[in-house]
Amino acid sequence: MADLLARLQFGEILVSDGAMSTMLQGQGLTSGACPEEWNVSHPDAVKSVHKAYIESGSDIISTNTFGGNPLKLQRYGLESQVKELNGAGVRLAKQLAGEKVFVAASIGPTGHLLEPLGELSIEDAQAAFKSQSEAVAEAGADAILLETFFDITEIEAAVNAALPTGLPIICTMTFDANGRTIMGVDAASAARALVEMGANVIGTNCGMGPEAMLPIVETMAASGVLVMAQPNAGLPEVDHGETKYSVTPEMMADYAQRFVAAGARIVGGCCGSTPDHIAAISRAVKK
Ligand SMILES: [Zn+2]
């Protein structure tokens, strides 16, 4: 399997996958349960999501390890199982990825605010990300995907923890309707900072949906770096107690083409996106 970064630098457009947690919720994951625990208790459910995305045309699948850092696992009393839960998440994805598909290990924020706004020290954040990064690297991940971050200081701690693994590092941050993260970081500043930290691919995920994401992608791609774009399928709306997302596969595919035209090299989806969205994106950007 040719190296992920080599293929991107060669100009290839790669399709990533869509949501994991909203798909697992469809299979019975409750909002109070630990999604990463499903890597050991419901491996077939997790594998079925990976399989559906691969069949829809994903070149990169991301593991069910978004909240697998010890600070987040602590909420469920599972902080001693970082290696087990993250390792299982990578191995489930690798079992299905074969030789053609890359496995990106998803790592999200700690869920705590860092000093001075919060109480978490940079050292403790970095230690948490280090244990998760080591677990996914040891299990054979092809890349580390730091996603849904909004604080530059926190993502820097995560990058510093991931760099020693030697794996390609993809960093995506989440922006609001006003083009800034909830901590006030704009896309141009984020792009500069992430490249300086040593990210190999930068980008944006989650947030307001594809339309609001386009100017962010344009700004980031203008700096000439490899860019990834994974929007939500719109904002969640609750209809008769059921959460729904309004952006159709066709609309996502239309925006994926615009992201590529703006310079993005990896396109996929975040919350609310399904294998149908990914199939439409794949058809649109691979033709
Ligand atoms: Zn999302």
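## Burial and overall form

Of the 287 residues in the protein, 54% are buried (20 or more other C-beta atoms within 10 Å of a residue's own, with C-beta atoms placed from the backbone). The model is predicted: local features need pLDDT of at least 70, side-chain atom pairs count only at pLDDT 80 or more, and totals for chains, interfaces and linings use all residues. Residues are numbered from 1 along each chain as its sequence is written.

The protein has 12 helices and 10 strands, which are DSSP runs (helices H or I, at least four residues; strands E, at least two) numbered from the N terminus. Its radius of gyration, taken over C-alpha atoms, is 17 Å, close to the 19 Å from the globule rule (2.2 Å times the number of residues to the power 0.38), so the protein is as compact as a globular protein of 287 residues.

Beyond four places in sequence, Ala256 touches Val267, Ile281, Ala284 and Val285 (contact: C-beta atoms within 7 Å).

## Surroundings of Ser16

Ser16 lies in the loop between β1 (14-15) and α2 (21-25). Ser16 counts as buried because it has 26 C-beta neighbours inside 10 Å. Outside four places in sequence, its contacts include Ser58, Met228 and Val267. The C-alpha atoms of Ser16 and Ser282 are separated by 9.1 Å, although the two are 266 residues apart along the chain.

How values were computed: Buried ≥ 20, exposed ≤ 12 C-beta atoms within 10 Å, placed from the backbone. Contact = placed C-beta atoms within 7 Å.
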